[in-house]
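Take a look at the model below. This report walks through a few of its residues and its core.

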Amino acid sequence: MKLLYVLPILVSSVVCSAAFVEVTGDKVNLRSASGMPSDVVGQVNSGDLLELQGNVTDPWVKVTPPQSVDLWVSSQYVENGVITGNRVRVRAGASVNYKDVGIVEKGTKVEVRGKVGDWTKIAPPKTTAVWITNTYEKATGKVTNSQ
């Protein structure tokens, strides 16, 4: 007969980790999707760290946009810096012709940076993603923990 021992496991908190990639070139384009024909949403320079959302070995690497990038939402869904619509698309430019780079939920606070026509320019929420070619990035081994 085999005895089975069950040990209690105590979990005190949940720890989230974020990995980063380091940019290895200057004026490297961040794009709204993987591939050259997609919209440029910003640029980064050598030494910049970007939070990794994808796989560093893919030809195009999915990352969280740095705070220097401007993104856009339809002004009809923003009131006093708060998103008023359900699942509002965040876009790479001030038009529905630009690709969406993420979704923000109703009640999300956003940093408003300006307005053009019917579009509001905002700082990038954490729920957005942009792409960088793996030619100009390398894994850093840097990881942050938050609770």
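## Thr64 and its partners

Which polar contact joins the side chains of Thr64 and Gln53, and how many Å is it? The contact is 2.8 Å. Keep in mind that this is a predicted model.

Thr64 sits in the loop between E5 and E6. Its relative accessibility is 8%, and buried means under 20%, so Thr64 counts as buried. Setting aside neighbours within four places in sequence, Thr64 is in contact with Leu50, Glu51, Gln53, Lys126 and Thr128. Gly54 is ten residues from Thr64 along the chain. The C-alpha atoms of Thr64 and Gly54 are 9.7 Å apart.

## The nonpolar core

The largest nonpolar core has 23 residues. Leu30, Leu50, Val63 and Ile132 touch the most other members. Several strands each supply at least two residues of this core, among them E1 (16-23), E2 (28-31), E5 (60-63) and E13 (130-133).

## Ser95 in its loop

Ser95 belongs to the loop between strand E9 (88-91) and strand E10 (100-104). Is Ser95 buried or exposed? Its relative accessibility is 17%, under the 20% cut-off, so Ser95 counts as buried.

The side chain of Ser95 has a polar atom 3.0 Å from the backbone nitrogen of Asn97. The strands on either side, E9 and E10, each supply at least two residues of the core.

Key:
Residues are numbered from 1 along each chain as its sequence is written. This is a predicted model: local features need pLDDT of at least 70, side-chain atom pairs count only at pLDDT 80 or more; totals for chains, interfaces and linings use all residues. Side-chain values use heavy atoms; hydrogens and water are left out. Helices (H or I, at least four residues) and strands (E, at least two) are DSSP runs, numbered from the N terminus. Buried means under 20% relative accessible area, exposed over 50%, partly exposed in between (1.4 Å probe, protein chains only). A polar contact is a pair of N or O atoms within 3.5 Å; within protein, one must be able to donate a hydrogen and the other to accept it, and residues adjacent in sequence count only if both atoms are side-chain atoms. A nonpolar core is a set of buried Ala, Val, Leu, Ile, Met, Phe, Trp, Tyr and Cys residues joined through side-chain atoms within 4.5 Å. Contact means heavy atoms within 4.5 Å.
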